[in-house]
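Here is a friendly tour of side-chain contacts and surface patches, written for someone who likes to know the cut-offs. Please have a look at the model first.

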Amino acid sequence: MTNKTGKVYLIGAGPGDPGLLTIKAKECIEAADVVVYDYLAAPFLLNYARKDAQIIYVGKKGGDHTLTQDKINQLLVDKAKEGFDVARLKGGDPFVFGRGGEEAQMLLSQGVSYEVVPGVTSAISAPAYAGIPVTHRDHTSFVSFITGHEDPTKKDSSMQWDIFAKSDATLVFLMGVKNLANITKNLMENGKAKDTPVALVRWGTTAKQQTVTGTLETIVDEVNKAGLKSPAIIVIGHVVSLREELAWFDNRPLFGKRIVITRARAQASNLVSALSKLGAQCIEIPTIEIAPPQDIEPLKRTIENIKNYDWLVFTSVNGVKFFFDTLYDMGKDVRVLGHLQFACIGPVTKERLRDHGIVSDILPETYRAESVVDAFSGVDIKNKNVLLPRAKMARTILPEELTRMGARVDEVTAYETRINEDGKQELISLLEDRQIDAVTFTSSSTVSNFMSLLESCDSRKLLSDVLIASIGPVTSDTAVSLGIKPDIEAVDYTIPGLVDVLLKHYSSTN
Ligand code: SAH
């Protein structure tokens with residue numbers, strides 16, 4: 001504990017798209033001792049927080065106030081007075097209907113210093129992601145941001161409906177979904193043309209974005225039909241008609257597709273980012289956890305005796321990672337590997353090896369062990385000592401084939417994969433609610449673990465209208481043996497290959 005008073009940063013966290021966080025906001029989150037966030041601030045932001053930071057959720061989803069505004073204020077003051085720097089994250093911009101002004105006044109009155117980090121407000125960005133510019137020289141020269149939250153029965157309303165109705169301003173209402181009928185009624189009663197275009201954009205800038213359009217007269221029906229709920233931005237004005245021409249975000253090929261990623265979390269990011277860029281909503285349910293072997297001694301002993309080997313063959317990025325982690329933990333470095341020749345399966349494994357300063361001598365074309373055998377056929381490995389650091393219980397074809405070619409092969413367990421059951425309940429309820437469009441399998445163990453998560457359910461029924469995508473024939477075989485037949489299979493047995501086949505599938509069915 002220090003005797004300095006901390007500072008409070010009132011930070012705009014943007015509307016949801018991780019890329020719309022400002023650099024300054026990210027730096028403040030990274031530096032904070034305490035991070036206070038609410039319902040509209042996307043949870044991924046917490047990944048930027050320090051591991052030892054206190055993370056406090058203060059809720060505030062219409063009605064469900066986890067902490068009242070007074071208590072939130074008190075919390076900010078208390079934490080700062082305890083000497084902590086506090087990142088107070090707010091959806092969008094803190095000073096646009098974010099009560100940031102009130103929080104700043106309160107901090108001031110308590111002698112706590114603060115800074116404001118503006119954010120990208122949903123008022124502009126949600127329309128922008130729906131292809132609606134809030135101003136456009138051919139349509140309107142000004143824009144109003146209006147609270148849609150005001151109680152319509154309030155006597156001395158500050159809402160100047162006559163002025164809103166007469167102007168050609170784009171009207172942007174926040175917090176207005178529940179009041180939509182009143183808003184449209186008031187505008188029409190005050191003379192605004194019934195055919196004025198209106199759009200509602202829910203969860204703007206995220207993969208869940210949903211847009212409903214209509215006119216002042218029809219929008220209430222359209223919104224009811226679509227079942228659209230809060231949080232959404234309401235945009236009223238002629239600029240809405242530009243959406244037809246300018247829509248871009250929801251035109252992407254995988255937009256709206258909810259795709260389950262079953263890989264281990266540490267390895268999922270390239271698949272998640274490729275699919276997200278195409279518009280998909282990725283749901284990460286890692287079915288695998290990758291960990292060092294329970295007994296690390298055999299690997300250590302092997303490394304101790306590495307001078308006895310001629311070849312080192314890596315079949316996965318995990319093999320590389322855990323082999324080198326152990327090597328470094330033992331106080332050694334790559335110089336002890338100088339006499340070896342190397343083979344890597346797949347370009348990514350090769351890159352990871354390259355990160356350690358070593359260029360692979362052999363790079364089999366595909367990810368399958370069988371093609372390593374092909375690649376070795378041009379090399380004389382007769383009587384050579386080959387070491388294979390790999391997963392516990394890896395497939396046997398590779399050591400068998402190399403042995404047949406005359407090599408002396410030692411396998412050593414460099415890591416273990418275990419089933420990860422953390423996402424089981426989430427997975428089952430998403431499947432039961434028909435909230436999943438596709439499931440991706442990137443290895444045999446993702447399939448078998450996934451199926452064990454569904455052990456207690458009727459998996460055939462749960463998966464009946466879910467697209468099953470497999471990375472290649474080996475994975476597909478495992479799937480078939482467990483009773484699910486993949487609908488599509490990558491031609492290239494790689495992550496980009498898997499993305500490609502999903503893209504092809506959805507481009508041809510949309
Ligand atoms: N300070 C925030 C607004 C907070 S008020 C900002 O600048 O964006 C809360 C309202 O913001 C919600 O009721 C909804 O109208 C709007 N909102 C926030 N995030 C949104 C999003 N991603 N998509 C659509 N509307 C959003």
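A residue is called buried under 20% relative accessible area, exposed over 50% and partly exposed in between (1.4 Å probe, protein chains only). The model is predicted, so local features need pLDDT of at least 70 and side-chain atom pairs count only at pLDDT 80 or more, while totals for chains, interfaces and linings use all residues. Residues are numbered from 1 along each chain as its sequence is written, and side-chain values use heavy atoms, with hydrogens and water left out.

Let's begin with the charged pairs. A salt bridge is a side-chain nitrogen of Lys or Arg within 4 Å of a carboxyl oxygen of Asp or Glu, and the whole structure holds 24 of them.

| Salt bridge | Closest N and O atoms |
|---|---|
| Lysine 26 and glutamate 30 | 3.2 Å |
| Aspartate 333 and arginine 335 | 2.7 Å |
| Glutamate 416 and arginine 418 | 3.8 Å |

Arginine 335 is exposed, with a relative accessible area of 71%, and aspartate 333 is partly exposed at 27%. Lysine 26 and glutamate 30 share helix 1 (residues 23–31), where they sit 4 residues apart, about one turn of the helix; helices here are DSSP runs (H or I, at least four residues), and strands are runs of E of at least two, numbered from the N terminus. A network of salt bridges also links Asp38, Arg88, Lys90 and Glu103.

Next come the rings. Rings of Phe, Tyr and Trp (its six-membered ring) pair if their centres lie within 6.5 Å, with planes under 30 degrees apart counted as stacked, over 60 as edge-to-face and the rest as tilted. The search of the whole structure gives 15 aromatic pairs. One of them joins phenylalanine 164 and phenylalanine 173 edge-to-face, at 6.5 Å centre to centre and 85 degrees between the planes. Phenylalanine 173 is buried, with a relative accessible area of 0%, and phenylalanine 164 is buried at 13%. Tryptophan 248 and phenylalanine 249 are edge-to-face too, because their planes stand at 70 degrees, with ring centres 5.4 Å apart. Here phenylalanine 249 is buried at 6%, but tryptophan 248 is partly exposed at 41%.
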